[in-house]
Amino acid sequence: MAEEKLSYEQARDELTDVVKRLEAGGLTLEESLALWERGEKLSAICEEWLEGARARLAAAMTPPDNGDPTAPAPF
């Protein structure tokens, strides 16, 4: 299966649905395991998006290395 290209919001919303289904119960063991595995994949996708966002914020907040630590960052 090819790597999924879900947006953060898509993965988060599907993960919410998976959790609701698991919490509702009434599933077979096989169904529960399949949902759990899907939830793990969705969680990893969300984490990748969040790590990328953290990195972008950190890069945006890092002052430029122009030798003048008091110089404002360019916009």
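A residue counts as buried when its relative accessible area is under 20%. By that cut-off, 12% of the 75 residues in the chain are buried. The model shown here is predicted.

The chain has two helices and zero strands. The table gives their residue ranges.

| Helix | Residues |
|---|---|
| α1 | 8-24 |
| α2 | 29-61 |

How do the helices lie against each other? Their axes come within 9 Å and cross at roughly 150°. An angle over 145 degrees counts as roughly antiparallel, so α1 and α2 are roughly antiparallel to each other. The crossing of α1 past α2 is left-handed.

Now look at the residues where they touch. From α1 come Y8, A11, R12, E14, L15, V18, R21 and L22. They meet residues of α2, including S32, L35, W36, R38, G39 and L42. Further along α2, I45, C46, W49 and L50 are also among the residues in this contact. By type, the contact residues split into 12 nonpolar, three polar and four charged.

Which residues make up the largest nonpolar core? Seven do: L6, A11, V18, L35, L42, I45 and C46. Each of the two helices, α1 and α2, supplies at least two of the core residues. The largest share, four residues, comes from α2. In soluble globular proteins, nonpolar side chains tend to be buried together.

L35 belongs to this core. Beyond its neighbours within four places in sequence, L35 touches V18, R21, L22 and L27.

Finally, consider contacts between residues at least 6 apart in sequence. Of these, 61% join residues at least 24 apart.

Note on methods:
Residues are numbered from 1 along each chain as its sequence is written. This is a predicted model: local features need pLDDT of at least 70, side-chain atom pairs count only at pLDDT 80 or more; totals for chains, interfaces and linings use all residues. Side-chain values use heavy atoms; hydrogens and water are left out. Axes are lines fitted to C-alpha atoms, for helices over the stretch in contact, and angles run from 0 to 180 degrees between N-to-C directions. Angles under 35 degrees count as roughly parallel, over 145 as roughly antiparallel, 65 to 115 as roughly perpendicular and the rest as oblique. A crossing is left-handed if the near helix is turned anticlockwise from the far one by less than a right angle, and right-handed if clockwise. Contact means heavy atoms within 4.5 Å. Ala, Val, Leu, Ile, Met, Phe, Trp, Tyr, Cys and Pro count as nonpolar, Asp, Glu, Lys and Arg as charged, and the others, Gly among them, as polar. A nonpolar core is a set of buried Ala, Val, Leu, Ile, Met, Phe, Trp, Tyr and Cys residues joined through side-chain atoms within 4.5 Å. Buried means under 20% relative accessible area, exposed over 50%, partly exposed in between (1.4 Å probe, protein chains only).
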